[in-house]
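Grab a pencil and work through a few backbone and helix exercises on the model below. Each task comes with its solution, one step at a time.

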Amino acid sequence: MLGSMKAIQVRRAGGPEVLELADLPKPSPGPGQVLIRVEAAGLNFADILYVAGEYLVRTRYPTVPGMEFAGVIEALGEGVEGLQPGARVAALGGSGAFAEYAVVPARSVLPLPPQMSAAEAAAFPVSYFTAYFALRTQARAQPGEWALIQAAAGALGTASIQIAKQMGLRVIALASSEEKLALCRRLGADVTLLNTQDNLVEAVRNATEGKGVDILMEVVGGAGFAQSLKMLAYRGRLLVIGSASREMAQMYPVGLMKGNQSVIGVWLTPFLSDPAEMQAAVAFLMPLVASGQIRPVVGERFKLEEAAEAFRFVLSRKNTGKVILQP
Ligand code: NDP
């Protein structure tokens with residue numbers, strides 16, 4: 001497996017300016033691993049935090065970022081069964097996707113419905129598995145409940161609207177522009193609100209007959225976190241999924257008692273090594289994706305060498321759906 005490949009290499013913590021296009025040795029698959037030629041990789045907000053050294057796992061530099069992609073299996077490592085060279089697959093977890101080739105454990109590989117494009121497949125794993133684990137596994141959402149989704153036109157947001165509707169939830173979508181809200185409505189959001197409007201708490205209460213929301217997907221954190229808590233219904237669950245503001249949030253836990261409310265953490269990574277939870281997620285998600293009932297929203301596409309531009313684009317909050325990098 002000799003040869004070199006183009007990859008985005010990061011040698012120190014920082015913003016888009018630390019992303020370098022480099023020639024690196026093409027990797028070869030070890031036991032239990034699969035070598036895949038990358039056709040498209042999804043850019044997640046977590047990649048930005050990972051490059052900056054601000055993610056939940058420690059970044060070890062030099063590194064090649066990128067945690068999800070779609071492509072064609074080129075070679076199998078020793079002991080890998082059930083996968084064939086030449087098959088088009090998606091892969092989830094780890095790092096190294098912002099490159100022409102990536103090696104992943106065989107258990108990270110997801111078979112693809114044939115009608116899915118590489119870009120759609122690359123947009124799928126992180127956002128849809130996270131939406132599923134957040135709403136079903138952690139929040140135990142019940143049909144008819146109200147779910148509020150922040151950054152609803154983004155990658156996780158668009159996936160969450162689709163998953164919430166499949167679970168029979170009523171959705172309030174929040175985003176920062178009218179164009180973004182129009183997309184949320186097309187995806188099935190019942191109520192859409194600009195996150196910049198005054199009296200957001202009141203608007204959420206009015207939309208829910210004064211009750212507030214049963215589930216709130218918090219991805220912004222910072223000063224707005226206290227406001228999110230005020231939007232919760234009796235027995236409401238606030239899911240802490242992200243902190244796009246990159247600011248600390250404060251809360252007064254005793255305030256949860258009166259309404260029997262919960263604040264629940266959600267992180268995709270530990271679920272990936274829990275076979276029972278993954279099996280349940282695959283059983284829920286794959287039929288929906290195969291039948292076209294859920295369909296990833298592909299946002300802007302950038303070439304691999306334009307990775308810095310792609311990072312800046314997401315940081316400037318311009319994306320709708322998932323931004324894609326293509327080698
Ligand atoms: P998005 O495509 O949603 O892009 C981020 C969006 O966050 C922006 O478009 C913007 O939406 C909103 N936002 C609010 N404040 C800021 C800010 N200060 N800077 C930039 N964006 C801001 O990204 P992802 O779908 O990749 O991720 C969304 C969130 O979910 C992130 O916080 C991410 O870390 C988290 N996440 C967590 C996972 C987990 O396992 N816990 C897994 C996947 C994602 P708007 O302009 O409409 O406000």
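Pro-62 sits in the loop between helix H1 (45-51) and strand S4 (68-76); helices (H or I, at least four residues) and strands (E, at least two) are DSSP runs, numbered from the N terminus. Two notes before you start: this is a predicted model, where local features need pLDDT of at least 70, side-chain atom pairs count only at pLDDT 80 or more, and totals for chains, interfaces and linings use all residues. Residues are numbered from 1 along each chain as its sequence is written, and side-chain values use heavy atoms, with hydrogens and water left out.

**Exercise 1.** Find out whether the peptide bond from Tyr-61 to Pro-62 is cis or trans.

Solution. Check omega: it is near 0°. That makes the Tyr-61 to Pro-62 bond cis. For background, most peptide bonds are trans.

**Exercise 2.** Work out where Asn-199 lies and whether Asn-199 is buried or exposed.

Solution. Start with the place: Asn-199 is in the loop between strand S10 (191-194) and helix H6 (200-207). Next, its phi is near 55°, a positive value in a residue other than glycine. Last, Asn-199 has a relative accessible area of 54%, so it is exposed (buried is under 20% relative accessible area, exposed over 50%, partly exposed in between, with a 1.4 Å probe and protein chains only).

**Exercise 3.** Decide whether the span of helix H4 (residues 155-166) agrees with its number of residues.

Solution. The expected span is 1.5 Å times one less than the number of residues.
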